[in-house]
Amino acid sequence: MKEILYEGPHLRLRKADLTDLDYILRLEYQEENVKYIVPFDKLFHTKVLEGHVEESMDVLAEEIATGERVGYFLINGLKTEAKEIEWTHVVVDKKGCGYGHEAMKLLKAWSFDVLGFHRAWLDCKDYNARALHLYETEGMLREGLIRETIVTNGRYENLVILGMLAREYQARKAEGLELG
């Protein structure tokens, strides 16, 4: 049985396993996704999926009704003393269906309500307007810009850092903007 982490109205988050490896790699290396993330190789994900990297977890979003996978997330920081979780990869497979918003709500609920983290954060390439809009609509705040920090195809790129504190999440929840 697959380990369910959190369920929402239409989607659920579940812990990925080795049977999901090809799906994860396909998503990471798809032309429309690879320009926005730094993909990891098969060996890295195999180690994560086998539990050899305790601070990391590959997580899938899937439709509850069909079990169809609709997104993938690499989670880091699961063992930090500061209770700070990083959503390293946020990749939605089925774009334009509202899955990104529900998946973000699920990630927040799981991170803050279930795991009890103090802070969640991610970085995003500064030209990824669609993702930045999603994150900010979901209450993530811009915390900074790391200029020319990574090189993609010989070109330096900037990363926007976005974060949310548990109290900010709880305030959004009280306003009815989050699940639960």
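Q: Which residue forms a salt bridge with Glu62?
A: Arg14 does, and the closest N and O atoms are 2.8 Å apart. A salt bridge here means a side-chain nitrogen of Lys or Arg within 4 Å of a carboxyl oxygen of Asp or Glu. This is a predicted model, where local features need pLDDT of at least 70, side-chain atom pairs count only at pLDDT 80 or more, and totals for chains, interfaces and linings use all residues. Residues are numbered from 1 along each chain as its sequence is written, and side-chain values use heavy atoms, with hydrogens and water left out.

Q: What parts does the pair of Glu62 and Arg14 tie together?
A: Glu62 lies in strand β3 (residues 57-63) and Arg14 in strand β2 (residues 11-15), so the pair ties together parts 48 residues apart in sequence. Strands (E, at least two residues) and helices (H or I, at least four) are DSSP runs, numbered from the N terminus.

Q: Is Glu62 buried or exposed?
A: Glu62 is buried, and Arg14 is buried too. Buried means under 20% relative accessible area, exposed over 50%, and partly exposed in between (1.4 Å probe, protein chains only).

Q: New topic: which residue does Lys95 form a salt bridge with?
A: Glu32, with the closest N and O atoms 3.6 Å apart. Lys95 sits in the loop between β5 (84-92) and α4 (99-114), while Glu32 is in helix α2 (residues 31-34), 63 residues apart.

Q: What is the relative accessible area of Lys95?
A: Lys95 has 31%, which is partly exposed. Glu32 is also partly exposed, at 42%.

Q: How many salt bridges does the structure hold?
A: It holds 21 salt bridges.
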